[in-house]
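The following report describes the fold and the surface of one protein chain, with the criteria behind each term given where the term is first used. Please keep the sequence and the coordinates at hand while reading.

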Amino acid sequence: MKKTLLLGLLVSALFYSFEQLSETQTKPDKILSEQDKNRPRIIALKSGEPVELTYDAGTMRMLASSEDTNGAWSLVELKEMPGYHTNFHRHNHTDEAFYVIEGVLTVKINDKLSDYPAGSYVLIPRGTPHAQGNRGKVPVRVLLTMTPGGFERSFVDRVELFKTVKPDDPNFRKRRDELTTKSKVDVERLALWDFHK
């Protein structure tokens with residue numbers, strides 16, 4: 001009888017410890033899910049996804065938006081046509097990084113002007129005055145990463161604006177500036193840039 005009682009206690013102890021182990025193994029999953037609630041979404045795009053959208057500089061493809069990454073960063077593929085250039089500006093809260101896929105990207109950082117051919121990488125830390133454009137005869141294609149995300153909204157706004165107003169319209173620049181102000185993207189315009197000098 002003692003052996004039966006002892007065996008019963010042993011089986012009960014084993015059963016209880018397995019149940020406790022099982023509960024312990026599920027608790028980290030609950031903790032992990034709390035820790036991961038700000039984790040970026042999975043992004044898996046095939047060649048040509050998403051489709052290119054036309055805007056005043058050329059085309060853009062939103063590869064990762066700030067919504068996809070919970071605001072951490074964003075990634076846009078831009079194809080800028082020959083002659084396009086930004087004005088001198090800075091992003092006070094956003095780091096910008098360009099990876100040149102095709103063509104040559106011209107970038108002015110502070111007072112230094114440089115050309116970056118395919119395979120080049122340029123990181124422009126937040127607060128750095130800069131401008132960029134395409135002085136070549138063929139489109140330049142770049143991957144643009146913005147950290148944190150948010151500034152990519154300006155490209156979406158420009159796609160929508162381009163559907164109704166073209167760059168040669170006298171009100172285009174004014175309308176574009178109004179959109180930038182309305183969407184509160186991180187850009188401070190500093191000066192016009194004589195792109196051809």
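Patches are built from residues with over 30% relative accessible area and no salt bridge, where like charges are joined within 9 Å and nonpolar side chains (Val, Leu, Ile, Met, Phe, Trp, Tyr) within 5 Å. A salt bridge here is a side-chain nitrogen of Lys or Arg within 4 Å of a carboxyl oxygen of Asp or Glu, and accessible areas come from the Shrake-Rupley method with a 1.4 Å probe, only the protein chains shown counting as cover for residues. By these criteria Tyr 99, Tyr 121 and Leu 123 form a nonpolar surface patch, with about 340 Å² of accessible area together.

The model is predicted, so that local features need pLDDT of at least 70 and side-chain atom pairs count only at pLDDT 80 or more, whereas totals for chains, interfaces and linings use all residues. Residues are numbered from 1 along each chain as its sequence is written, and side-chain values use heavy atoms, with hydrogens and water left out.

**Overall composition**

The protein contains three helices and eleven strands, these being DSSP runs numbered from the N terminus (helices H or I, at least four residues; strands E, at least two). Of its 197 residues, 35% count as buried, where buried means under 20% relative accessible area, exposed over 50%, and partly exposed in between (1.4 Å probe, protein chains only). The protein exposes about 12500 Å², of which carbon and sulfur atoms supply 59%.

**The open sheet**

Six strands form an open sheet in the order β1-β2-β3-β10-β5-β8, with antiparallel pairing; two strands pair if DSSP finds at least two bridges between them. Because β1 (53–55) and β8 (121–124) stand at the edges with a single partner strand each, one side of each is left without a neighbour in the sheet. Neighbouring strands of this sheet are turned by 25° against each other on average, direction ignored; the axes are lines fitted to C-alpha atoms, for helices over the stretch in contact, and angles run from 0 to 180 degrees between N-to-C directions.

| Strand pair | Bridges | Opposing residues |
|---|---|---|
| β3 (residues 74–80) and β10 | seven | Glu 77 and Leu 143 |
| β5 and β8 | four | Phe 98 and Val 122 |

In a regular strand the side chains alternate between the two faces of the sheet. Tyr 99, a member of the surface patch, is found in strand β5 and is partly exposed, with a relative accessible area of 38%.

**The helix across the sheet**

Helix α2 (residues 153–162) lies across β1, β2, β3 and β10, running at about 80° to β1. Seven of the ten residues of α2 are buried, among them Phe 155, Val 159, Leu 161 and Phe 162, and what covers the buried residues includes β1, β2, β3, β10 and α3 (172–183).

**A buried loop residue**

Ser 65 lies in the loop between β2 (58–64) and β3 and, at 12% relative accessibility, counts as buried. Leaving aside neighbours within four places in sequence, Ser 65 is in contact (heavy atoms within 4.5 Å) with Trp 73, Ser 74 and Glu 152. The C-alpha atoms of Ser 65 and Phe 151, 86 residues apart along the chain, are separated by 9.5 Å.
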